[in-house]
Amino acid sequence: MSAIGHCRALLAVAVIASSAMFGEVATASADEWRALPADKPAAADGSVLDHIEEVNDRQLNMFVYSAAMDKVILLEVIRPADTSVPRPTLYLLNGAGGGEDSATWQARTDVVDFFADKNVNVVTPVGGAYSYYTDWQKPDPVLGVNEWTTFLTEELPPIVDATLGTTGANAIAGLSMSGTSVLSLAEAAPSLYRAVGAFSGCAETSTQPGRDYVTFVVSVRGGDVENMWGPYDDPDWVANDPVVNAEKLRGIDLYISNATGLPGVHENLNGPDVNGDVGVLANQVIVGGIIEAGTNECTHRLADRLNSLGIPATYDFRPTGTHSWGYWQDDLHNSWPMISGSLGL
């Protein structure tokens with residue numbers, strides 16, 4: 001087996017193993033959701049707010065019907081510290097599991113506490129596991145109907161803005177699989193987001209390494225990647241490649257991070273999610289190390305492309321660190337000053 005083939009084989013094993021580890025802005029009150037009007041906020045295509053469940057004074061679950069996918073999507077929402085005036089929105093995407101598993105921002109990080117004193121709506125969709133949050137060419141027998149680009153860029157924003165009484169200013173961030181998706185979504189709707197945070201994602205989709213990575217991720221749950229973007233020579237693989245289409249990111253504030261895969265500060269028995277378990281730590285070091293090394297190469301090629309185009313970005317290329325939640329929590333903290341500035345906070 002060639003060195004390249006060996007690396008791809010290791011990446012396949014690592015990705016599979018990691019699945020278990022990992023309109024017009026409303027001017028109404030920012031608390032209007034507490035008393036929903038008879039005419040629920042809706043999008044032009046018939047997508048509509050279905051209902052809301054209050055979790056506590058700062059958190060709620062929004063349920064939004066997507067016309068494109070013909071189903072109701074759950075959105076976990078953290079409200080601003082002060083809702084007396086409209087506030088901006090951060091769309092925060094989960095990784096490959098889409099929030100359908102235990103590997104989520106709310107379960108694995110301090111996201112709720114971190115935003116306790118911040119004046120921003122944080123919206124996280126639950127769903128889209130192994131879908132790359134993109135529009136698929138056709139339904140998949142296992143993963144179903146996926147029209148996530150349409151949902152996230154067209155259907156959802158006007159409903160969120162009207163329901164939560166936002167300012168209409170948005171940012172988006174994601175990790176691992178969604179570290180790729182947030183770049184593609186921003187390229188699909190460049191006027192929608194003021195800032196993007198991409199953590200440990202492989203930005204390439206049309207190169208051989210990029211196609212292999214996407215195929216491995218989609219196949220973890222049994223999905224057929226040809227239902228997503230067709231065979232490898234289909235133009236959709238290029239159309240959805242953030243590196244190829246990097247020019248569309250011009251004017252958006254970018255925070256891009258990745259580590260080398262070498263053990264770092266969070267690789268110890270007291271590290272986040274390790275809880276003294278030697279097996280968990282070994283998995284994080286070996287599997288998380290392999291995946292992070294792979295995404296590191298992709299991320300450097302994205303940086304090279306952006307630099308060649310003269311598009312500025314804030315980079316955090318850590319000398320150590322694996323593909324794991326401790327580092328993504330750090331990424332969220334470290335990127336927040338840039339994101340909040342972009343949102344006018």
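1. Thr207 caps the N-terminal end of helix H6, with a side-chain oxygen 3.2 Å from the backbone nitrogen of Gly210. (A polar contact is a pair of N or O atoms within 3.5 Å; within protein, one must be able to donate a hydrogen and the other to accept it, and residues adjacent in sequence count only if both atoms are side-chain atoms.) Helices (H or I, at least four residues) and strands (E, at least two) are DSSP runs, numbered from the N terminus.

2. This is a predicted model, in which local features need pLDDT of at least 70 and side-chain atom pairs count only at pLDDT 80 or more, while totals for chains, interfaces and linings use all residues. Residues are numbered from 1 along each chain as its sequence is written, and side-chain values use heavy atoms, with hydrogens and water left out.

3. H6 covers residues 208-220, and its 13 residues reach 19 Å from the first C-alpha to the last, close to the 18 Å expected at 1.5 Å a residue. The expected span is 1.5 Å times one less than the number of residues in the helix. The buried residues of H6 are Gly210, Arg211, Asp212, Tyr213, Val214, Thr215, Phe216, Val217 and Val218. Here buried means under 20% relative accessible area, exposed means over 50%, and partly exposed is in between (1.4 Å probe, protein chains only). After H6 comes Gly222, which has a positive phi near 95 degrees.

4. Helix H9 (residues 278-309) has 32 residues and spans 45 Å between its first and last C-alpha, close to the expected 46 Å. At Gly288, H9 bends by about 30 degrees; the bend at a residue is the angle between axes fitted to the seven residues ending there and the seven starting there. At the start of H9, a side-chain oxygen of Asp277 comes to within 2.8 Å of the backbone nitrogen of Gly279. Just after the helix, Gly310 has a positive phi of about 70 degrees.

5. How are strands S1 and S2 joined? S1 (residues 48-54) runs antiparallel to S2, and 6 bridges join them; two strands pair if DSSP finds at least two bridges between them. A hairpin of 4 residues links S1 to S2, and Val48 stands opposite Tyr65 in S2.

6. S2 (residues 59-66) is mostly covered, with 7 of its 8 residues buried. S2 is also antiparallel to S3 (residues 71-78), through 8 bridges. Gln59 has Ile78 in S3 as its bridge partner. The hairpin of S2 and S3 has 4 residues between the strands, and Asp70 there takes a positive phi near 55 degrees.

7. Leu92 belongs to strand S4 (residues 89-93). Is Leu92 buried or exposed? Its relative accessible area is 0%, so Leu92 is buried. Leaving aside neighbours within four places in sequence, Leu92 is in contact (heavy atoms within 4.5 Å) with residues including Trp105, Val122, Ala173 and Leu332.

8. The structure holds 12 aromatic pairs. Rings of Phe, Tyr and Trp (its six-membered ring) pair if their centres lie within 6.5 Å; planes under 30 degrees apart count as stacked, over 60 as edge-to-face and the rest as tilted. One of the pairs is Phe115 with Trp336, edge-to-face at 5.3 Å centre to centre and 90 degrees between the planes. This pair links distant parts of the chain, 221 residues apart: Phe115 is in the loop between helix H3 (111-114) and strand S5 (121-126), and Trp336 is in helix H10 (residues 325-342). Phe115 counts as buried at 1% relative accessibility, and Trp336 counts as buried at 9%.

9. The rings of Tyr133 and Trp148 have centres 5.4 Å apart and planes at 90 degrees, so this pair is edge-to-face. Tyr133 lies in the loop between S5 and helix H4 (148-164) and Trp148 in H4, so the pair ties together parts 15 residues apart in sequence. Tyr133 is buried at 1% relative accessibility, and Trp148 is buried at 0%. Elsewhere, Trp105, Phe199, Tyr255, Trp325 and Trp328 form one aromatic cluster.

10. Lys118 sits in the loop between H3 and S5. Lys118 is buried because its relative accessible area is 14%. Not counting residues up to four places away in sequence, Lys118 touches Arg58, Pro80, Ala81 and Trp336.
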